[in-house]
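Hi everyone, thanks for coming.

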Amino acid sequence: MDRTDSRTARRYLALWFPFLPIDRLRIARPDLWAAQGDAPAVVVENVRGAMRLATLDADALAAGLTPGMTLADARAREPELRVFEADPHGDQDWLERLCDGCARYTPNAALDSGHGLMLDISGCGHLWDGEAELAQAATDRLERHGMRVRHAIAASPEAAHALARFPAAPAPDEDAAVRRLPVEALELEAESAVALRRAGLRTVGDLAARPAAALAARFGEEAVDALHALLGLGHRPLAPRRPRPAIRVERRFAEPMGSSAHAIKVVAEMAAEAGEQLAERGQGGRRFEAVFFRSDGLAFPIRVETSLPIRDAPAIMRLFQERIDSLSDPLDPGFGFDMLRLTVPRADPMAPTQLALEGGEARKSEGVEALVDRLSIRAGRARIQRLEPRDSHIPEQAQLALPAVEHRAPEGWAPVGEPGDPPMRPLHLFDPPQPIDVVAEVPDGPPHRFRWRRTLHEVTRFEGPERIAPQWWQARDGAIEGESTGRTRDYYRVEDARGRRYWIFRHGLYGAETVHPGWYIHGLFA
Amino acid sequence: MSESIKSLAALKRHIAALDRTPAPTVGCARLATGHAGLDAALDGGLLRGRVHELFGAAEEEGAAAGLALILARLAADDAPLLWLRTTASAKVGGSPYGPGLAALGLDPARLLIGLMADDAMLLRAAVEGLRCPALGALLIELRGRAPLLDLTASRRLALAAEQSGVTAFLLRVGGDPVPSAAETRWQVAAAPSDPLPGNAPGHSAFALSLLRRRAGPDGLAWRLIWDGEKGAFGDGRHECHEHGQDGQQDGAPLSGALVSLPADRSAADRAA
């Protein structure tokens, strides 16, 4: 492949892991894997009520077992079997980790159907002295890790996908190799593939020689689409697993770096570089991601988020340091990091500020934002909250607590009630409301005394009822947990003999909605 | 022997040199509460940049948290206020309610709430918060005995507060006073409010007593009424009178005192 061509045409590397569930078990769960001896291993899943083989290892295939066979049949043939339950989510997670690890070859790496990865390596080959060397490096790295992998490079993702999966006879060039693929490579329905074979069309090349209209008439549009995709006639771009960030700084090391402290210093250099790039664009980063690529293929991503755009390297590094300090397992260099990458996935416009001339006011509020960022990173972003008003008259739905790191201070809190009134709404709200025992003179009258948390409160002063009806267009709103429909609530502000003020309500209108209205305490006044 | 005395004296001198000289309290900014009696007893108000402890029984958490928030708001002026609590307290004591804060005259938009996993994390976050001078005030809510808040921990908070000038209010719900580096220590309870016409509960009233104070007498007690509209404390007595002559007769029955009508009005329907 010459260089000029590689600059214009897209090139795709397909990686396929034929034994992914089994390799994952062997690598990630050696305890489970070794527990059952070394008989042929199969992964089974429940298909329509029967346990069927999903993935088999090489020994099991050699013993004549095939995917789709029931487990009972397989045991009849091969009594000594190691059987593992399929874990599609675990496999998916594993594949995503492998995909993140492959981000070292190209920024445009995506998951591919059927336990595969698809890398868009257009223009990446020269970094590895050619795309074949790149593919070799990728497969070597994965194989060192213990994954069995097959790969193919082609001009379209579909062709690479098919070439990696279907053994084809050696061909002089790529186009011929695609044409020599069996018709199964089109991944049509099984019946269609059989029908094509019966018609004497065994390879993709046979099919391509036929008029497309006849093919579409017999096997549908999708057969023609699949054929064209395989031949590279239509271009369908990849949807990369991670969108390409605007700013990306990378460092590759000839020798893996064994100390994480040193690696963090390098990240600081990269942060300064990213900060300069951000300043050129007049932007500040809201999210930063540092990825530590280990030489054995694992990648540690560390992400931080800020509530205001920043581009100051020390500030960025303080956040990273905060995040690294709060990791439950420290950054383990293992055999060393061989690559570091810093990206800014989200950047917002940030105008240069003149602090000295503006009286330092901007700096003051910036200080609190920095505190929010630090605490959010250390404790978790959902733990530092701001209250935001919501337009609802159902008390517990009138506000939302949102992460302070991504929401600016809201406006528009309107107090309930007339000016000069004492507070009509409590300071603390219980959600869900807590049930209480109430003595009232009449069932729909005001409360007389109530028992809450084993203490009896004599009501000396009260005001109410303030009636809050459920939203009739959403019957479930206003329902206490565990009840199907909302009822009207009659709220009372009450004060007990010792001056403690509570917000309590009767749930349901006596006689109309219920015979035994329940009472709940919903809040505490100051 | 004499040598050991000498070395003892040297050690004492060394310790005295290590110990920071207590910050002068005379020239320090004070936070006037607006309540004449309270401010007079405190020589002008609570000291800013110090830790003030407020104790409240578990049943008094509404009043204790309310007063602590009001004081913190007064200390913060227009700057953001951070309220640190644990998820466990939020479960027991309920979550802060924006409309209620607004009704007390405390702008919820300038309130940040930190929900920490446990007391240790909370105290770490508190020190971090107190090191940030841009913060207006810090409210630290601890529930129960809180054994982690020992003298060392409270000294750490006090030092951080002194350095940054951020006033910290340590709200102890259901805890017992233990030695601490706090500037003042208060006991807060709810007080019966001055009733509105119709025997409705009035403005928030607090019974506040000064348990301990670093420099000055203690053991005093006040009754404070908070008017969110004016943003000031009062005694409440004369205000109550004004209310009484507000055109309405004292004790005039409002709708609240009456038995509410049956909602479906079936009786009226039947009568018709």
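So, in what sense do S14(A) and strand S5 of chain B pair, and over how many bridges? They pair in the antiparallel sense, over two bridges, with S5 covering residues 95-96 of chain B. In S5(B), Pro96(B) is the bridge partner of His428(A).

Quick ground rules. This is a predicted model, where local features need pLDDT of at least 70 and side-chain atom pairs count only at pLDDT 80 or more, while totals for chains, interfaces and linings use all residues. Residues count from 1 along each chain as its sequence is written, chains are lettered from A and ligands numbered from 1 in the order written, and side-chain values use heavy atoms, without hydrogens and water.

Strands here are DSSP runs of E, at least two residues, and helices are runs of H or I, at least four, numbered from the N terminus. Two strands pair if DSSP finds at least two bridges between them.

Back to S14(A), residues 428-440. Five bridges join it to strand S19 (residues 518-524) of chain A, running antiparallel, and there Pro435(A) stands opposite Tyr520(A). S14(A) is also antiparallel to strand S15 (residues 447-452) of chain A, with four bridges, and a hairpin of six residues links S14(A) to S15(A). Val438(A) has Phe450(A) as its bridge partner there.

Now find the open sheet of 11 strands, with mixed pairing. Its edge strands are S13 (399-403) of chain A and S12 (232-234) of chain B, each pairing on one side only. Inside chain B, S3 (residues 51-56) and S8 (residues 167-173) run parallel, joined by six bridges. Phe55(B) has Arg172(B) as its bridge partner in S8(B).
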